[in-house]
Amino acid sequence: MFSKKQNFIIWSTLVLILIILFLFDIILGSVRLPFTDVVKLLFTGNTERPEYTTIIYRFRIPKALTALFAGFALSVSGLQMQTVFRNPLAGPYVLGISAGASLGVALLVMGLSTFTVVSQIGVLGNWTIVLAAWLGSGLILFLILIVSIRVKDIMTILILGIMFGSATAAIVNILQYFSNESMLKAFIVWTMGSLGGVSLNQLKVLIPSVVIGLIMTFLLIKALNAMLVGENYAKSMGLNVRLSRFLIFFSTSLLAGSITAFCGPIGFIGIAVPHIARIVFKTANHKILLPGTMLLGGIVLLLSDIISQLPGHERTLPINSITALIGIPVVIWIIIKNKKITSV
Amino acid sequence: MKEEGDILSINHLEIGYPVKGNSNYILYRDINLCGKSGELIALVGKNGIGKSTLLRNISGLQSSLNGTINYFDKQKQDYTRADFARMISFVSTEIVNVTNLNVFDLVSLGRFPHTNWLGKLTIEDINKSAQALEMVGMSSFARKNLNEISDGERQRVMIARTLAQDTKLIILDEPTAFLDLPNKYEIIHLLNKLSKEEDKTIIFSTHDLNIAIQEADKIWLMLDDKVEEGAPEDLILDETFNKIFEKSNLRFDKIKGDFKMQKMHQCKIGLIGEGPHYTWTKKALERLNFKVEKGNDSIQYIKIDKENNFGKWTLLDDENKHEFNSIYDLSIYLKIQTGLPRGRQKN
């Protein structure tokens, strides 16, 4: 808990960092753009170099927006899962939701290989990918939900989540074995994660999905706070636990599923960022933690994207590797700090 | 049966667990109990008999199999979720420990059924939460984190949360389970005070019968096939308490108000003395399986003398005389004298 003045300083610093990183993410890339030109173009719409307009509007802004919204979505869905399962190591990735999404996409890309290459699918195609990823992640979430009603021990659910994830990976392996080369490559590139492959048209699908998921989560703040003390207490205080849990799982599926569909499975953001937010804001109240996690999620993923294309690299590194390298130390720190991994 | 002034009345309640297939797993078939305003009620019974299940049924966390529970004049289904939560609150045995959640935040969570959809705390909500903390004597802990306070303090905070919830009925499942003796007394005493001063009906389950007898207005006694209710004193006088542990050697001592293991006394011993020294020496001898006969010096006997508040124990029989400075020394001698194990001794 901080005073109002301290709070204001923290929030404005984070927003400032977010804006700076957003600009940096636009400036940096395989072609280095002069800072002044970028700012001028963004704020006035004019530039002496017309090719900059193409680069910025067709590639850099979509990529930066994707990083921003993927950061929002993954970290917020991770926070929700940690609260619902009351487990600091929960997250969309650990519970196998991303694996489920990858199963959906694998089935679509490789199973239904009568379609053309993924990148050539238009707006309707975007919807089918999002739908496939949603259905995949929804399936895993549904299984976890059934188990979580029957099994009380939260570690059991976590282990089962990992098992579901592995089972999905096994099915994906079989699909890979039987699919043709171009489909296989399309899928493997998808699994490496990429923020740069999302076009402006695709953003028209991605951003609304994420925004709906985020709005749902913000409407669930009160329920999430009640769930901090466990479902029994939440119920005794008048919360409709089943409905709230369903809505939380639905929004998580929407957030993590959509991002995974377009960018591939991006790991560790969902687990690590909520903990960074807890360290920064020192509270468990979702009214602060939720927007805080969202902001920090945007910051961390923009930063990861910037690192993945540090000047001098012709090609960008897979975003998944960068987020893992940033996230894993945080997760290790949680395990060492919390010897009893029992509560969030 | 329903009487005037009953806040809670339980009629022909059947509790247990539904089992897949045909028959349910039934703990009790016909529970009839009631609670009035301002009453502190202790739910007593042995482990695993169904205390938690009954409390979960009353607090609406679990559905009963049959029968009715009336809260005021209505049943649970006649209330909305929020109205029900404004009428009854619950403290479970679960230890709540959330990183970064401070005491005040936890207590103000109790305002959940009173706040708007965003959970925004109004000035009234903040005041009520602060008052709740004050009532349990935890005001100075408001900004502490939950993992920085002791079990006794945490239990007070959990009680404050129910006070913030502002309900007429409060249900607590073993609120004294993890506490040391002074804390047990303090918590139950606090519940008694709250039931009287705030005019609440508080129901708690416990294994601490001594405390329950001292503080509770009424006891709900869970026996093997039925649940009895009554003032603790009534249950003592009509020997209902003895039925709790019918199968063991534990018997309720009507005079002392405490349970005691029934033992087969093996050897007789005389004891001469008075005051607390006499009482505690007698207890020690009984623990060693002696049947103590007061003032009998015709058999082996012990005489207690007091010198400047220090006791001196003299063991006398036909020919020998031994002196001891503590009960412990005396008991060691007696153990050697009679030989261990004691089971083989005869009169």
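These questions and answers go through a predicted model of chains A and B.

Q: How do you know what kind of secondary structure chain A has?
A: Chain A comes to 14 helices and zero strands.

Q: What share of the residues in chain A is buried, and what makes a residue count as buried?
A: The test is 20 or more other C-beta atoms within 10 Å of its own. In chain A, 48% of the 344 residues are buried.

Q: What share of the contacts in chain A links residues 24 or more positions apart?
A: Such pairs account for 81% of the contacts with a separation of 6 or more.

Q: Why is T293(A) called buried?
A: The cut-off is 20 or more C-beta neighbours. T293(A) has 30 inside 10 Å, so it counts as buried. T293(A) sits in helix α13 (residues 286-308) of chain A.

Q: Which residues does T293(A) contact, leaving aside its neighbours within four places in sequence?
A: S75(A), V76(A), L79(A), V273(A), P274(A) and A277(A). Contact requires C-beta atoms within 7 Å. As for Y52(A), its C-alpha is 33 Å from that of T293(A), and the two are 241 residues apart in sequence.

Q: How do you know that the length of α7(A) is close to the expected span?
A: Helix α7 (residues 181-192) of chain A has 12 residues. At 1.5 Å a residue, 16 Å is expected. From first C-alpha to last, α7(A) reaches 17 Å, close to that value.

Q: What makes the buried residues of α7(A) fall on the same side?
A: The buried residues are M183(A), F187(A) and W190(A). They cover an arc of only 55 degrees around the axis, which puts them on the same side of α7(A). An α-helix has 3.6 residues a turn, so residues three or four places apart point the same way.

Q: Which residues of α7(A) are exposed on the other side?
A: E181(A), S182(A), K185(A) and I188(A). Just after α7(A), G193(A) takes a positive phi of about 80 degrees.

Q: Why is β8(B) called largely enclosed?
A: Five of the five residues of β8(B) are buried, so the rest of the structure largely encloses this strand. K218(B), W220(B) and M222(B) point one way, while I219(B) and L221(B) point the other way. In a regular strand the side chains alternate between the two faces of the sheet.

Q: How do you know that β8(B) pairs with β3(B) and β9(B)?
A: Pairing needs at least two bridges. Four bridges join β3(B) to β8(B), and these run parallel. One partner pair there is I41(B) and K218(B). Strand β8 (residues 218-222) of chain B also pairs with β9(B) over four bridges, in the antiparallel sense. M222(B) stands opposite V227(B) there. β8(B) and β9(B) form a hairpin, with four residues between them.

Q: How many residues of the two chains are in contact?
A: 27 residues of chain B contact 22 residues of chain A. On the side of chain B that touches chain A, α2(B) supplies the largest share, four residues. That side divides into 13 nonpolar, 10 polar and four charged residues.

Key
Residues are numbered from 1 along each chain as its sequence is written. Chains are lettered from A and ligands numbered from 1 in the order in which they are written. This is a predicted model: local features need pLDDT of at least 70, side-chain atom pairs count only at pLDDT 80 or more; totals for chains, interfaces and linings use all residues. Helices (H or I, at least four residues) and strands (E, at least two) are DSSP runs, numbered from the N terminus. Ala, Val, Leu, Ile, Met, Phe, Trp, Tyr, Cys and Pro count as nonpolar, Asp, Glu, Lys and Arg as charged, and the others, Gly among them, as polar. A residue is buried if 20 or more other C-beta atoms lie within 10 Å of its own, exposed if 12 or fewer, and partly exposed in between; C-beta atoms are placed from the backbone. The expected span of a helix is 1.5 Å times one less than its number of residues. The arc is that of the directions from the helix axis to the C-beta atoms.
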